[in-house]
Amino acid sequence: MPHICKLFLIALPLVLHGCGIANMVSDITRREAGYAVLRDGSRVEGYVTVPDAESRRVRIKPYDAPARRISADEIEALYVHRVKSPDKVHVLAYMDSESPTMYSTGDRKSYPSRWVVREQTGDKLSFYTLGHFYSLTRDGDMNIVSQVGGDIVFIARKSSDSKGFRIGTKGGTPQWFRESLKQYLSDDAALCKELDTKHIKHNDFGKISATYNPQW
């Protein structure tokens, strides 16, 4: 009998740990409420499986119809939120991007389309974050995780552009952000000066998107 008790005490933490893992996996894979706005102007609403950055299709289970797997190229924007947090709606977009040319006169490097999360938006400029895995927390906040050895990347996109512009990575130097932003936003000399003099911080995406006003 004592041996059985010892085995039970040893196994109990493993069971509890296993339950914790199961709950964590359940949180990550849980379908969220939301909808997709398609490029043809239509809308598909239902339970959305939040895509990873490289997902080529998005699964949406309409409330009163069979599930659909929609090509990422057909989606203009994806809106998701926890059922109990309708006030915390997150917007994802599927877009190409390119990087600045800081130390070369050659062409900018292009990157294939990836799912990104919109952080700030203005009339003419929006900012996004690119990770690898996306999920919503119990409180409805967006959780962005990079793959091993990868970076969390910040991307700007003008409303007139079809692709984004990589302005820096999480942990990157402020100087790199400023130079990247000035390169991309060179059509707004006044804003570039504010960034250069640090009157507007390099990571104040809300103020940058609200201030941006191109002169040509």
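**Notes on a predicted model**

1. Start with Val-83. Val-83 sits in the loop between β5 (75-81) and β6 (90-98). This is a predicted model. Val-83 has a relative accessible area of 56%, so the residue is exposed, given that exposed means over 50%. Val-83 also belongs to a nonpolar surface patch with Tyr-47 and Tyr-63. Together, the three have about 310 Å² of accessible area.

2. Now turn to Ser-97. Ser-97 is part of strand β6. Is Ser-97 buried or exposed? Its relative accessibility is 2%, so Ser-97 counts as buried, the limit being under 20%. The side chains of Ser-97 and Arg-166 are joined by a polar contact of 2.9 Å. Leaving out residues up to four places away in sequence, Ser-97 touches several residues, including Lys-109, Tyr-111, Ile-155 and Gly-164.

3. Next, the aromatic rings. The structure has seven aromatic pairs. In one, Phe-127 and Phe-205, the ring centres are 4.4 Å apart and the planes lie at 15 degrees, so the pair is stacked. This pair links distant parts of the chain: Phe-127 is in strand β8 and Phe-205 in helix α4, 78 residues apart. Both Phe-127 and Phe-205 are buried.

4. Phe-154 and Phe-177 form a tilted pair, with 6.0 Å centre to centre and 50 degrees between the planes. Phe-154 lies in strand β11 and Phe-177 in helix α2, 23 residues apart. Phe-154 counts as buried because its relative accessibility is 17%. Phe-177, at 5%, counts as buried too.

5. How do these rings come together? Phe-127, Phe-154, Phe-177 and Phe-205 make up one aromatic cluster.

Note on methods:
Residues numbered from 1 in each chain as written. Predicted model: local features only at pLDDT ≥ 70, side-chain atom pairs only at ≥ 80, totals over all residues. Heavy atoms only, no water. Patch = residues over 30% accessible without salt bridge, like charges linked within 9 Å, V, L, I, M, F, W, Y side chains within 5 Å. Areas by Shrake-Rupley, 256 points an atom, 1.4 Å probe, with all protein chains shown as cover. Salt bridge = Lys/Arg side-chain N within 4 Å of Asp/Glu carboxyl O. Helix = DSSP H or I, 4+ residues; strand = E, 2+ residues; numbered from the N terminus. Buried < 20%, exposed > 50% of the residue type's maximum accessible area, 1.4 Å probe, protein only. Polar contact = N/O pair within 3.5 Å; in protein donor to acceptor, adjacent residues only side chain to side chain. Contact = heavy atoms within 4.5 Å. Phe/Tyr/Trp six-rings, centres within 6.5 Å; stacked < 30°, edge-to-face > 60°.
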